[in-house]
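Please read them with the structure open.

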Amino acid sequence: MTLTTENLVVPLAHFDLEVTATMSSRVTAIFGPSGAGKTSLLDAIAGLRPLKHGRITFDDVVLSDLPARDRRIGYVPQETALFPHLSVARNIRYGGRHNEAHVVEVLEIGHLLDRGVTALAGGEQKRVALARALLSAPRLLLLDEPLSGLDWPLRDRVMQFLQRVRDDFNVPMLYVTHDEEEVAGIEEEVVTLGGVR
Amino acid sequence: MTDASIIWFTVRMAALATTLLIPPALALAWLLARGTWRGKSVIETLVALPLVMPPVATGLILLKLVPHGVVFTWRAVVVAMMVMSSPFIVRAARVAFENVNPRYEQIARTLGAHEPRVFFTVTLPLALRGIAGGVVLGFARALGEFGATILVAGNIPGRTTTLAVAIYDRVQLGHDRAAWHLVAAGVIVAFAAIWLSEKSTRLCT
C-alpha cells in the first residue's frame, strides 16, 4: 500500500503547497505548523481541493483523475463534520455498511447508535466519525488532528482507539498534527510540511 | 359569490402558486448560493425586482408576457402570485443554502455520494428550516396579492376574483360591511396559515 504525490502543487490563499512524497507505512504522520497547509493537503488527496498540477496515486490507482466520490478515501476532518440532522446509526451508514458489526464493536459505539450526534461528547464524536469513514470501505484514512479539542484523559483514550483501528483494519492512515509528541505512540513514518515559499 | 368561496379560491390559488414555485425557486437559489457563473448578479437583481417595483407595473409587464389564452383566467392569478412571491422564497432559500457548511457536503462526497444524493440528504435537510420560513412568507404574499393580479387576471366573479380584489371591489361599490366581513375572514385565514406553518417547522427541525 503506497500513496505517492508527484510534483503535487496545491494552490492556497497565500502560497502554493508543493509536496512530493511516498508514504507506505500503516501510519504516516504529517507535521507542520498551523498555516503550513496540512488540511489542504488532506483535502487535495480526498479530491476536495483542485490541484494546480501533479499527480496523486495509491498503488496503481491515479486518485487525482477521480472525483471525490470515487476515490474511496475515508476522511475524518478536525471538526468531525458529523451530519447534525442524522442519528449516529444513519451517520455511520451514510457511505456503506462495510464490516459494520466489527467497526461498531472495536470503537465501542453500539450504545450510541440511536442517539443524535449533536448531544455526543467530544471523544464519542471522534469515534463516530472514524466509524463513518471505516464503513465506507476506504483504501486510505485521513485523520486531521484527531485529538484536537479533547482533554488529556480523553486524548489517551481516543489514541487507544486509533491504535486499535490501525491493528484491526487493514487501512493505512495519514495522521495530521502540529504536535510531534502526540503521535509518538502510533506513527511509523513522518512527513514534515515546511520550507514554505 | 359567497365570502367562503372567495377565500377558498384564494387559498387554493396561493397554495398552487407556492407549490409550483418551490422546485424552480430552490434550483435557482441553489445556483445563486453555490455557483459562480456569468450573469449571476443580473439574475439576482431580476429576482428581487418584484419586491421593489409597484405590483401594478409587474402586472402590466406580465400582461405583455403571458399568452393570450391565460390572461383573465385562474391561470393568470397563479402566474401573478408566483411572480410576486418568488423573491421571498428564492432569497430565503439562497440564504439557507449559504448557511449550510460546505464541509458536510464535501464529506458526503468522500463517502461516495453523487451530487443529487448530497443535495437531497445533506444540503436540503440542513437548509429546510430557512426554506420553510421563505415558503410561508411567499404563501402569505400570494394570499394578499392585488396589484399584479387585477391587471393580468382581472376581477371576474367566480373565476378570477381573489380576496384582495374582492375587498377592493366591495369598498368601491360602497359595500363597506361586506368588505369588512372579508377582511375578518382574511385575517383568520392568514393567522391560521402562519401559525400552522410555524408549528410544523418547529416539528420538523
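1. In this predicted model, the largest nonpolar core comprises 107 residues. The residues with the most contacts inside this core come from both chains: A:Val128, A:Ala131, A:Leu142 and A:Leu174, together with B:Ala80, B:Met81 and B:Ala93. Helix 4 of chain B, residues 74-98, gives the most to the core, with 16 residues. In soluble globular proteins, nonpolar side chains tend to be buried together.

2. B:Met81 is among the residues with the most contacts inside the core. Leaving aside residues up to four places away in sequence, B:Met81 touches B:Met13, B:Ala14, B:Ala17, B:Ala142 and B:Glu145. One of these partners, B:Glu145, is charged.

3. What does the secondary structure of chain B consist of? Chain B has nine helices and zero strands, and its pattern along the sequence reads α-α-α-α-α-α-α-α-α.

4. Chain B has 205 residues, of which 38% are buried.

5. Which share of the contacts in chain B with a separation of 6 or more comes from residues 24 or more positions apart? Such pairs account for 78% of those contacts.

6. The contact between the chains takes 15 residues from chain A and 14 residues from chain B. On the chain A side, the residues touching chain B divide into nine nonpolar, four polar and two charged.

Methods
Residues numbered from 1 in each chain as written. Chains lettered and ligands numbered in written order. Predicted model: local features only at pLDDT ≥ 70, side-chain atom pairs only at ≥ 80, totals over all residues. Contact = placed C-beta atoms within 7 Å. Core = buried A, V, L, I, M, F, W, Y, C linked by C-beta atoms within 7 Å. Buried ≥ 20, exposed ≤ 12 C-beta atoms within 10 Å, placed from the backbone. Helix = DSSP H or I, 4+ residues; strand = E, 2+ residues; numbered from the N terminus.
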